[in-house]
Amino acid sequence: MRPPPLAPPVSPRAGSPAPQRLHAARYRVWQMWRALFPGRLDAADRAILEQTLPPAGRALFAAMAANDQRHSLAVYRVLRARGCDDAELLAAALLHDSGKGGGRVRLWMRPTVVLLRAFAPGLLRWLARPPAPRWRRPFYLAWHHAEIGADLAAAAGLSARTVLLIRTHHQPGGPAAELYAVDEGL
Ligand SMILES: [Fe+2]
Ligand SMILES: [Fe+2]
């Protein structure tokens with residue numbers, strides 16, 4: 001069953017201090033709700049995919065979790081709103097997290113990885129080191145999803161530059177710096 005629509009708040013920082021906390025809390029709830037019940041792709045989304053990705057790239061996109069698909073389209077739209085018309089960067093925006101697809105990085109893992117990255121990055125690096133036995137495999141896949149996605153994009157026939165942009169999308173000063181900035185801001 002689809003959930004009732006929950007309108008996004010105007011801004012998490014809007015209003016005076018008490019309403020500000022309420023806005024921030026409401027924003028977090030809305031983000032969680034959106035992650036749990038991502039909307040279906042509509043005609044505009046499908047048009048973006050058809051214009052930006054080759055068929056094999058669209059298959060890679062389709063293998064991603066619905067909330068990752070929504071996130072990738074949001075990154076694409078922010079780049080477009082900033083005036084970006086770089087076709088290879090826009091293709092990378094749609095596929096930058098494709099390494100998480102195919103069930104490699106399950107949704108239940110995400111909060112654990114976020115907390116470890118913030119508070120115990122050394123432990124996360126240790127858990128993600130190769131070779132990864134079965135119990136550490138989810139951490140390995142989460143940590144290395146940029147390289148995994150880049151290899152998948154190369155196999156799908158995306159350009160060498162798009163592959164490079166996906167591979168480096170976690171580097172703030174790297175070739176995909178613009179993609180990194182937008183990705184971090186969402
Ligand atoms: Fe990523
Ligand atoms: Fe991302």
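Visitor: What is the mean pLDDT of the chain, and what share of its residues reach 70 or more?
Guide: The mean pLDDT, which is the predictor's confidence in each residue on a scale from 0 to 100, is 88 for the chain, and 83% of the residues reach 70 or more. Over residues 1–15 the pLDDT is below 50, and this stretch has 18 contacts in the model beyond near neighbours in sequence, two residues being in contact if their C-beta atoms, placed from the backbone, lie within 7 Å. Where pLDDT is low, the predicted coordinates should not be read in detail.

Visitor: How many helices and strands does the chain have?
Guide: There are 11 helices and 0 strands, where helices (H or I, at least four residues) and strands (E, at least two) are DSSP runs numbered from the N terminus. Of the contacts with a separation of 6 or more, 60% are between residues 24 or more positions apart.

Visitor: And what percentage of the residues count as buried?
Guide: Of the 186 residues, 30% count as buried; a residue is buried if 20 or more other C-beta atoms lie within 10 Å of its own, exposed if 12 or fewer, and partly exposed in between, with C-beta atoms placed from the backbone.

Visitor: Which residues touch the most other members in the largest nonpolar core?
Guide: A nonpolar core is a set of buried Ala, Val, Leu, Ile, Met, Phe, Trp, Tyr and Cys residues joined through C-beta atoms within 7 Å, and in the largest one, with 36 residues, those that touch the most other members are Ala-92, Ala-93, Leu-94, Leu-95, Ala-153 and Ile-166. Two or more residues each come from helices H3 (55–62), H4 (66–81), H5, H7, H8, H9, H10 and H11, and the largest share, 7 residues, comes from H5.

Visitor: Let's stay with Ala-153: is it buried or exposed?
Guide: Ala-153, found in helix H9, counts as buried because it has 29 C-beta neighbours inside 10 Å. Leaving out residues up to four places away in sequence, Ala-153 touches Leu-60, Leu-95, Ser-98, Leu-158, Thr-162, Val-163 and Ile-166.

Visitor: What does Ile-166 touch in turn?
Guide: Apart from neighbours within four places in sequence, Ile-166 is in contact with Ala-92, Leu-95, His-96, Ala-146, Gly-149, Ala-150 and Ala-153. In helix H10 (residues 160–167), the buried residues are Thr-162, Val-163, Leu-165, Ile-166 and Arg-167, and what covers them includes helix H5 (87–95), helix H9 (145–155) and helix H11 (177–185).

Visitor: Back to H5, then. At what angle do H4 and H5 pack?
Guide: H4 and H5 pack at about 155°, with their axes 7 Å apart; axes are lines fitted to C-alpha atoms, for helices over the stretch in contact, and angles run from 0 to 180 degrees between N-to-C directions. The two helices are therefore roughly antiparallel, given that angles over 145 degrees count as roughly antiparallel, under 35 as roughly parallel, 65 to 115 as roughly perpendicular and the rest as oblique. Ser-72, Val-75, Tyr-76 and Leu-79 of H4 make the contact with Leu-89, Leu-90, Ala-93 and Leu-94 of H5.

Visitor: And how do the axes of H3 and H5 cross?
Guide: The axes of H3 and H5 cross at roughly 30° and come within 9 Å, so these two helices are roughly parallel to each other. Gly-57, Leu-60 and Phe-61 in H3 meet Ala-91, Leu-94 and Leu-95 in H5.

Visitor: Changing topic, where is Arg-82?
Guide: Arg-82 lies in the loop between H4 and H5 and counts as exposed, because it has 10 C-beta neighbours inside 10 Å. The C-alpha atoms of Arg-82 and Val-182 are separated by 9.8 Å, although these residues are 100 apart along the chain.

Visitor: Last one: which peptide bond is cis?
Guide: The bond from Pro-130 to Pro-131 is cis, with omega near -10°, and Pro-131 has its place in the loop between helix H7 (121–127) and helix H8 (137–143).

Key: Residues are numbered from 1 along each chain as its sequence is written. Chains are lettered from A and ligands numbered from 1 in the order in which they are written. This is a predicted model: local features need pLDDT of at least 70, side-chain atom pairs count only at pLDDT 80 or more; totals for chains, interfaces and linings use all residues.
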